[in-house]
Amino acid sequence: LRVLAAFTEEHMTLSTFVNEVVKPYIAQNFPGIKIESVVFDPAGMAGENVKGATSDFKILKRAFGDVVKPAITNKLKTPINAVDHFFSKLNRGQPAIIFDKQRCNILRQGCLKHYVWRKNKSTDEVIYEPLKNKYSHNQDALQYECLMIAQRIEQFSNKSKTYLKPPLNAPYVSYYA
């Protein structure tokens with residue numbers, strides 16, 4: 001898995017973020033590339049069936065089409081384990097996950113030390129939920145991406161036990177609200 005760019009923007013609507021940051025970046029840096037998958041936090045389905053509401057799903061689907069799918073879960077342990085899977089593997093002697101140092105700086109910093117558990121302010125007891133900050137949003141997106149890719153690799157490996165080749169050769173976009 002090669003993570004080529006990661007963005008964080010906390011003061012922008014999803015529609016503005018997608019149309020003014022993500023899509024122009026992709027067009028400029030990866031012209032003509034076909035987006036194969038956009039995965040997002042399942043919580044982004046909220047409001048999907050409410051008349052007049054625009055869910056994150058609808059916004060993403062409008063921007064990227066039918067390749068938009070929610071992650072299979074947002075329960076913390078499963079997505080974290082998916083990232084851990086990539087961190088603990090080698091692929092042809094190289095790490096199974098590599099980040100672009102410049103374009104993924106916040107994501108890398110989150111992996112190194114800023115993705116932390118919350119603490120109860122009065123007792124200082126650790127609460128095993130991530131502290132929500134600019135680092136956690138990128139981490140959550142990475143978790144959903146790794147979960148989706150690991151699921152695809154597992155499905156592929158179950159079909160072909162003799163020759164395992166990751167079926168992924170196109171860019172993916174992850175979004176976390």
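A polar contact here is a pair of N or O atoms within 3.5 Å; within protein, one must be able to donate a hydrogen and the other to accept it, and residues adjacent in sequence count only if both atoms are side-chain atoms. With that in hand, welcome to a predicted model, in which local features need pLDDT of at least 70, side-chain atom pairs count only at pLDDT 80 or more, and totals for chains, interfaces and linings use all residues. Residues are numbered from 1 along each chain as its sequence is written, and side-chain values use heavy atoms, with hydrogens and water left out.

**Around T73**
- A polar atom in the side chain of T73 lies 3.0 Å from the backbone nitrogen of K75.
- T73 belongs to the loop between strand 3 (68–70) and helix 3 (77–87); helices (H or I, at least four residues) and strands (E, at least two) are DSSP runs, numbered from the N terminus.
- With a relative accessible area of 16%, T73 is buried; buried means under 20% relative accessible area, exposed over 50%, and partly exposed in between (1.4 Å probe, protein chains only).
- Setting aside neighbours within four places in sequence, T73 is in contact (heavy atoms within 4.5 Å) with P42, T78, P79, Y144 and L147.

**Nonpolar cores**
- A nonpolar core is a set of buried Ala, Val, Leu, Ile, Met, Phe, Trp, Tyr and Cys residues joined through side-chain atoms within 4.5 Å.
- The largest nonpolar core has 17 residues, of which V3, F86, I97, F99, L107, L142 and C146 touch the most other members.
- Helix 3 and helix 5 (134–159) each supply at least two residues of this core, and helix 5 gives the most, with six.
- I97 touches L1, R2, V3, F86, F87, L142 and C146, not counting residues up to four places away in sequence.

**Cysteines**
- Counting a disulfide as a pair of cysteine sulfur atoms within 2.5 Å, the total is zero.
- The sulfur of C111 has its closest cysteine sulfur in C146, and at 8.9 Å that is too far for a bond.
- C111 is partly exposed, at 30% relative accessibility, whereas C146 is buried, at 0%.

- Most residues other than glycine have a negative phi.
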